[in-house]
Amino acid sequence: MLFAILLSACATNPATGKHEISLMSVEQEIAIGEQQDVQVRKEMGVYSDRSLQDYVSGIGLRLAADSDRPNLPWRFTVVDTPAVNAFALPGGYIYITRGILPYLQDEAQLAGVLGHEIGHVTARHAAQQYSRSIGAELGLLAGAIFVPQTRPFTGLGESGVSVLMLKYSRDDEAQSDALGVKYAARAGWDPAGVPQMLTTLGRIEETSDNKGTPSWLQTHPLAADRVDRVQSAVAEAEQGATSSRPGDSAPRSFITDRAGFTTRLDRLVYGDNPEQGVVRAGTFLHAGLRFAVEFPSTWDVTNGPTQVVAKAPDAAGSLMLLGEIDHPVGGDLEDIALRSMQNAGFRARSGGRTAINSLEAFVGTYDGTTKNLGRVVMRAAHVQLGRAVFLIAGVAPTASFDTVEPHFTRTIDSFRPLTRGEAEAIHPNRIALYTARTGDTWQAIAERAGKGIVKPATLAIINGHAVSEQPRAGERLKIVVSG
Ligand SMILES: [Zn+2]
């Protein structure tokens with residue numbers, strides 16, 4: 001409601017110099033950034049590597065100091081998610097995922113990504129987007145981006161973060177690309193890092209194995225001409241960076257630092273972090289919350305920031321959902337279960353208390369409607385684990401419920417606590433460094449290093465190659481090794 005009472009004010013855009021209607025004062029921008037930052041940190045997690053955080057932050061702060069709004073309280077954070085993404089909040093809060101880092105080839109490309117996001121803040125795109133989305137009450141709906149196909153629940157950790165995942169316009173993107181180039185060059189990094197990283201991120205589209213996670217490509221539509229459009233800004237920045245000594249027209253040397261940057265990625269967590277749950281051979285294991293659930297082996301399991309979604313291989317649209325009930329309300333587990341389902345618009349058909357692998361549970365069958373499936377039947381178990389209540393549910397169109405019901409029951413019955421020893425035995429997959437030998441192919445490296453964790457095409461892209469190119473002998477490569 002805060003936003004409804006804001007008065008429009010005319011302000012000068014710091015990055016473009018143009019007058020524009022701004023719904024937000026600088027103080028409000030900062031206040032929103034501060035408030036949403038808490039949400040981002042909570043939902044995505046902060047990657048626990050102090051020296052990597054300091055490194056990224058150091059580069060970001062140097063870029064921001066040379067930007068058009070040096071006085072904002074700039075803050076740069078590597079968030080602990082495998083999605084390939086970077087995003088900005090109003091007020092100078094910039095986030096880069098650990099998942100995007102392997103796709104960058106050098107420090108100049110990292111500076112390019114950070115510079116681009118700084119551009120969204122200095123040109124007030126972030127603030128304008130925020131104003132627009134609140135104005136249109138998109139905040140409540142945009143959560144769908146985290147979950148493919150359907151989102152039948154409320155109360156499963158609805159996210160304010162998703163507001164930030166709305167798309168910017170093509171013009172905003174082009175402007176941020178150009179600002180990224182400008183800021184990188186001013187602060188001493190090779191501005192060619194911007195088109196280079198755009199080229200790499202463009203290649204991901206064809207080979208994406210980040211299904212279901214909000215990615216740079218969802219929020220940053222990669223128009224075919226974007227790389228071309230930014231080239232003139234790069235040429236200009238390179239021109240402007242010639243030595244100031246009279247008679248010396250040699251370009252100032254820009255920082256690229258491929259070797260230093262690559263070394264910093266050694267041992268970086270790749271893919272899901274066990275602390276946030278991993279999927280191994282159809283089983284979802286959560287080392288942090290200490291439980292495991294087995295999904296049918298042919299189902300497609302996606303671990304999102306707020307819930308796990310498993311989709312049936314057939315076209316009927318059946319799916320299973322797993323998540324923690326946020327702030328459970330009710331006297332006992334049955335009360336919590338019935339209230340939370342009712343709040344989500346589902347009517348109880350039947351249900352009863354039971355125990356699942358010694359854990360207290362309430363299992364019920366419910367009728368309801370979802371946007372994508374129409375009338376559905378849901379089998380839902382609310383399970384108490386310590387102080388937390390988990391929901392594990394199967395949803396199917398009414399006509400196909402009976403067919404798929406045995407899968408739902410088996411998965412619900414598989415919910416079990418993990419011992420400390422079991423939890424500690426789950427290790428993340430990681431980035432490692434490797435020098436290519438004569439005759440190496442992406443295929444061979446992918447097979448050798450780890451049991452199909454990473455596709456050969458992904459390895460090529462991670463190393464800055466087109467999918468059709470093979471590694472050169474002696475090339476220093478980032479590879480993925482199993483945990
Ligand atoms: Zn952008």
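Modeller: A residue counts as buried under 20% relative accessible area, as exposed over 50% and as partly exposed in between (1.4 Å probe, protein chains only). This is a predicted model, in which local features need pLDDT of at least 70 and side-chain atom pairs count only at pLDDT 80 or more, whereas totals for chains, interfaces and linings use all residues. Residues are numbered from 1 along each chain as its sequence is written, and side-chain values use heavy atoms, with hydrogens and water left out.

Colleague: Is Phe284 buried or exposed?

Modeller: The relative accessibility of Phe284 is 2%. Phe284 therefore counts as buried.

Colleague: Which class of aromatic pair do Phe284 and Phe291 form?

Modeller: Rings of Phe, Tyr and Trp (its six-membered ring) pair if their centres lie within 6.5 Å; planes under 30 degrees apart count as stacked, over 60 as edge-to-face and the rest as tilted. The structure holds eight aromatic pairs. For Phe284 and Phe291, the ring centres are 6.0 Å apart and the planes stand at 45 degrees, so the pair is tilted.

Colleague: How many residues apart in sequence are the parts tied together by Phe291 and Phe415?

Modeller: The rings of Phe291 and Phe415 are stacked, because their centres are 4.9 Å apart and their planes lie at 10 degrees. Helices (H or I, at least four residues) and strands (E, at least two) are DSSP runs, numbered from the N terminus. Phe291 belongs to strand S9 and Phe415 to the loop between helix H11 (401-413) and S17, so the separation of the parts they tie together is 124 residues.

Colleague: Which residues form one aromatic cluster?

Modeller: Phe291, at 2% relative accessibility, is buried, and Phe415, at 0%, is buried as well. The members of the aromatic cluster are Phe284, Phe291, Phe390 and Phe415.

Colleague: What is the bridge partner of Phe291 in S17?

Modeller: Strand S9 (residues 291-294) pairs with S17 in the antiparallel sense over two bridges. Within S17, the partner of Phe291 is Pro417.

Colleague: Which residue's backbone nitrogen does the side chain of Asn429 reach?

Modeller: Asn429 is found in strand S18 (residues 429-435) and is buried, with a relative accessible area of 11%. At 2.8 Å, its side chain reaches the backbone nitrogen of Gly483.

Note on methods:
Pairing = 2+ DSSP bridges. Polar contact = N/O pair within 3.5 Å; in protein donor to acceptor, adjacent residues only side chain to side chain.
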